[in-house]
Amino acid sequence: MTEHIQYSPEHDALVLLDQRYLPLREEFFLCKTVKDICEALVVMVVRGAPAIGVTAAYGCYLAAREISGVADWKPALADKLEQIASARPTAVNLRWAVRLMQAEWARHPEFTLDELSVFWLAKAKVVHAEDIATCKAIGASGADLIADGDTVMTHCNAGALATAGYGTALAPIRAAIAQGKRVQVIANETRPFLQGARLTAYELHKDGIPVKVACDNACALLMQRGLVQKVIVGADRIAANGDAANKIGTFGVALLAKEFAVPFFVAAPVSTIDPETADGSLIPIEDRTPREVTHIGATQITPDGVGVFNFAFDVTPARLIHGIITERGVLTASYTEAIAKLFK
Ligand code: MRU
């Protein structure tokens with residue numbers, strides 16, 4: 001796959017594959033400032049919880065570069081970091097990455113701004129590389145859950161494009177295929193941003209993994225006909241009790257999976273688990289611009305003056321989740337205990 005998150009020393013900038021235009025065009029978006037980073041996050045040039053965490057880590061470096069020359073630089077830098085951390089509210093990885101960089105800064109209070117920016121660039125590269133390794137470990141943890149011949153349904157895009165590479169929900173599928181199993185994927189289209197139809201289909205097709213796109217409202221019929229053996233989705237934030245926020249529509253897929261006895265798994269790195277959020281009701285749900293629903297591209301599809309809902313995520317209760325596949329193994333109920341043990 002095309003490197004979709006790259007630091008360019010030549011431009012001293014973060015270069016992102018612009019996911020708004022996939023699969024039709026491969027265009028790149030250059031981030032030189034915190035304003036560019038926040039725009040890329042808000043309009044979803046880059047999206048997916050781990051990918052926005054990696055972007056935020058490079059964003060901290062760009063913040064430090066940007067304020068070079070400001071005499072009272074520490075409060076100015078802290079303010080820029082907060083702008084990055086709050087660009088999107090649901091995925092905890094954004095905050096996680098910024099807090100990680102802040103903790104490194106706190107460990108080196110003696111650093112000049114120049115020293116801090118050199119240090120942060122190196123740290124952002126580590127976060128980037130570690131995310132790929134984490135995804136591969138998620139794949140290794142989850143591969144055995146998939147049997148030869150399975151068709152796995154996924155919702156949204158929790159693949160290479162949503163991470164630094166390899167993916168979370170798609171990782172066990174990739175690993176099972178590497179073991180020699182025959183696996184097919186159903187990518188739910190995922191209205192309104194169409195992450196499934198555009199992005200999951202794009203990356204799997206490019207990698208030669210058999211994939212079919214289904215309209216979101218086909219899920220019940222496909223399960224009723226026995227065409228789905230497993231569901232694996234990603235997550236934006238997992239609460240301390242195992243409730244998992246993911247792309248809007250995931251909860252409905254989980255309810256249908258229960259009805260049709262299809263095992264439903266969540267795959268996510270430990271950095272997506274937020275032990276400070278007790279349960280799913282406390283996870284903030286992003287409410288995005290109505291335009292994503294009222295329009296497809298430049299074409300308006302709803303009547304003038306009619307309101308719409310555009311909540312970007314929903315929360316699947318822990319009781320519907322068969323297992324949470326992490327880089328440190330597969331967690332099973334009781335999630336409260338399993339998660340507490342993980343963070344001990
Ligand atoms: O709004 P998005 O596209 O950022 O939402 C992405 C998802 O919901 C993903 O499933 C989740 O972030 C996991 S990505 C590995």
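**Notebook: cores, cavities and a pocket**

I started at Ala87, which touches Leu41, Val42 and Leu94, leaving aside residues up to four places away in sequence; contact here means heavy atoms within 4.5 Å. This is a predicted model, so I kept in mind that local features need pLDDT of at least 70, that side-chain atom pairs count only at pLDDT 80 or more, and that totals for chains, interfaces and linings use all residues. Residues are numbered from 1 along each chain as its sequence is written, and side-chain values use heavy atoms, with hydrogens and water left out.

**Entry 1: Ala87**

I found Ala87 in the loop between H3 and H4; helices (H or I, at least four residues) and strands (E, at least two) are DSSP runs, numbered from the N terminus. Is Ala87 buried or exposed? It is buried, because its relative accessible area is 16%, and buried means under 20%, exposed over 50%, partly exposed in between (1.4 Å probe, protein chains only). The C-alpha atoms of Ala87 and Leu41 are 6.5 Å apart, although 46 residues separate the two along the chain.

**Entry 2: nonpolar cores**

Next I looked up the largest nonpolar core, which has 46 residues, with Leu77 and Trp120 making the most contacts inside it. Such a core is a set of buried Ala, Val, Leu, Ile, Met, Phe, Trp, Tyr and Cys residues joined through side-chain atoms within 4.5 Å. The elements that each supply at least two of its residues include strand S1 (5-8), helix H2 (49-66), helix H3 (73-85) and helix H5 (113-142). Which helix gives the most to this core? H2 does, with 12 residues. Apart from this core I noted another, of 31 residues, including Cys219, Ala257, Ala268 and Ala338.

Back at Leu77, I listed its partners beyond four places in sequence: Ala63, Ala64, Ile67, Trp105, Leu113, Leu116 and Trp120.

**Entry 3: the largest pocket**

I then turned to the largest pocket, with a volume of about 600 Å³. On a 1 Å grid over the protein atoms alone, a pocket is an open set of points with protein on both sides within 12 Å along at least five of seven lines, a cavity is a set where a 1.4 Å probe fits but cannot get out, and lining residues have an atom within 4 Å of a point. The pocket has 20 lining residues, and Arg20, Pro192, Phe193, Ile296 and Gly297 lie nearest its centre. Where does this pocket lie? Domain 1 (5-136) and domain 2 (139-342) both give residues to the lining, so the largest pocket lies between them.

**Entry 4: cavities**

How many cavities of 30 Å³ or more does the whole structure hold? I found 2. The largest cavity has a volume of about 180 Å³. Of its 23 lining residues, Arg47, Gly48, Ala49, Asn157 and Asp236 are the closest to its centre. This cavity also lies between domain 1 and domain 2, because both give residues to its lining. The second largest cavity holds about 50 Å³ of space, and its lining includes Met44, Pro192, Phe193 and Lys247.

**Entry 5: helix H6**

Last, I checked helix H6 (residues 170-178), which is mostly covered, with 7 of its 9 residues buried. Among the buried ones are Leu170, Ile173 and Arg174. The cover over the buried residues includes H5, strand S4 (151-155) and helix H7 (195-206). After H6 comes Gly180, with a positive phi near 100°.

Note on methods. Grid points are joined across faces, edges and corners, and a volume is the space filled by probe spheres set on the points. Domain bounds come from an automatic or database domain assignment.
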